[in-house]
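Student: I should like to learn how to read a structural model step by step. Could we go through one together?

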Amino acid sequence: MIGLDDPFQSDKGEKNMEQAAILDHQFRVAAYVVTWAIQLGYLLWLAFKWRAQKREEARLNRNSR
Amino acid sequence: MKKIAISLYVAITLALMAWGYYQAIYVAPNDAMQGEIFRIIYYHVPSFATAFFAFAVSLAGSIGFLAFRRSHPDRAQISDAWALAGAEIGVVFCTVGLTTGPLWGRRAWGIWWTWDARLTTTLVLWLIYVSYLLMRRFTAGPQMQTLAAVLGIFGALDVPIVYMANRWWRTQHPAPVFGGDSNSGMDPSMVGALMWNMVAWFAWGLLILGLRYRVERQHQKIAAAEAQLALEA
C-alpha cells in the first residue's frame, strides 16, 4: 500500500503532478494559439480578398470609361 | 463619422479581447478537479455561442433570400450576402470549437475524440456548412443561391440538436454548465471570466461578420457590373 509518508512514492507522486501540470499548461497554450491562428488567418484571407476585389473594381471602372 | 464609429468599435473589441484574456489567465482560479486545462472553457464555449449566432444570421439570410428573390431582387441579394457571411463566420468559430475541444478532451478524458451525440452532431453541423461554402465556391448559375439558401436552412436545423444533445442523450461531453439540472453551474469566481470572454468573442464575431458582409456586397456589385459590361459588348 502506498503511504504518503513513503518518501520515494511521495516524490514520484509529486513528479507526476508536476508533469501533469506542465502538460495541462502546454495544451491550454496550444488551444489559445490555435484559436488566434484561425481567427487571424481568416482575417488575413478576408483582407486579401477585399484588396483583390478593390483592384477588380478599379479595372472595371477603367474598362467602362 | 462612420469611419470614427468603426474605429471606435474595433478599439473596444480589441480592449475586450485583452480584458477577456486577462480575466481567463490571471483572475479566474484553476479548476479544483481539472487544473489549468479548464481555462480552455473561456475560448471554447464563447466560440460555439458565436458560431450558433452566426448560423442564426445565415438562417435569417437564407429565409430572406427565398422570400424576396422574386419580389425584391435587391433585398434578396442583401439577404444572400448575410447568409453567406453568417455561414462562413459560423464555420470559422465552429472550427475553433472543434479544435480546442479535442485539446481539452485529451487532458480531461484521456482521448482526443469520441463519437458521442454532442461531438458527432457538432461535426455534422460543421460538415453541412463546409459543404454550403464549397457549393457556393464551385457552382454557378441562377439556381446556386436558391440551392444554397435551402442548404443553409437545412444546416441550421442541426443547431438546436447540437445544443440539446447532452440533455437528450448520455454523452461523454459534460452536462450543460448553465441551464442544466440542479447540480449544474459554475463557481462565481469563474463566471466573470466566462462572461467577459463571451462578450469579447461576440464583439469580434460581429466585427468579422460585418466585414465579410461588406466583401460579399462588393463582390455582388462587381459581378453585376461585369454582367452589364458583357451585355454592352
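**The contact between the chains**

Tutor: The contact is made by 25 residues of chain B and 23 residues of chain A, where two residues are in contact if their C-beta atoms, placed from the backbone, lie within 7 Å. On the side of chain B that touches chain A, the elements giving two or more residues are α3 (73-108) and α7 (188-232) of chain B. Helices (H or I, at least four residues) and strands (E, at least two) are DSSP runs, numbered from the N terminus. This is a predicted model, in which local features need pLDDT of at least 70 and side-chain atom pairs count only at pLDDT 80 or more, while totals for chains, interfaces and linings use all residues. Residues are numbered from 1 along each chain as its sequence is written, and chains are lettered from A and ligands numbered from 1 in the order in which they are written.

Student: What scores does the model have?

Tutor: The model scores ipTM 0.92 and pTM 0.91. Chain B averages a pLDDT of 93, and 100% of the residues score at least 70; pLDDT is the predictor's confidence in each residue, from 0 to 100.

Student: How many helices and strands does chain B have?

Tutor: Chain B has 7 helices and 0 strands, whereas chain A has 1 helix and 0 strands. The C-alpha atoms of chain B fill a box of roughly 70 × 45 × 25 Å along the principal axes.

Student: What span should α3(B) have?

Tutor: The expected span of a helix is 1.5 Å times one less than its number of residues. The 36 residues of α3(B) should therefore span 52 Å, and the end C-alpha atoms are 51 Å apart, which agrees. Just after α3(B), B:G110 takes a positive phi of about 85°.

Student: Is B:D74 buried or exposed?

Tutor: A residue is buried if 20 or more other C-beta atoms lie within 10 Å of its own, exposed if 12 or fewer, and partly exposed in between. B:D74, in helix α3 of chain B, counts as exposed because it has 9 C-beta neighbours inside 10 Å. Yet α3(B) is mostly covered, with 28 of its 36 residues buried. In helix α2 (residues 41-68) of chain B lies B:I41, which is buried, with 23 other C-beta atoms within 10 Å. The C-alpha atoms of B:I41 and B:L194 are separated by 7.6 Å, although these residues are 153 apart along the chain.

Student: At what angle do α4 and α5 of chain B pack?

Tutor: Axes are lines fitted to C-alpha atoms, for helices over the stretch in contact, and angles run from 0 to 180 degrees between N-to-C directions. Helix α4 (residues 117-138) and helix α5 (residues 144-156) of chain B pack at about 175°, with their axes 10 Å apart. These helices, α4(B) and α5(B), are therefore roughly antiparallel to each other: angles under 35 degrees count as roughly parallel, over 145 as roughly antiparallel, 65 to 115 as roughly perpendicular and the rest as oblique. The contact of α4(B) with α5(B) has 10 nonpolar, 2 polar and 1 charged residues.

Methods. Ala, Val, Leu, Ile, Met, Phe, Trp, Tyr, Cys and Pro count as nonpolar, Asp, Glu, Lys and Arg as charged, and the others, Gly among them, as polar.
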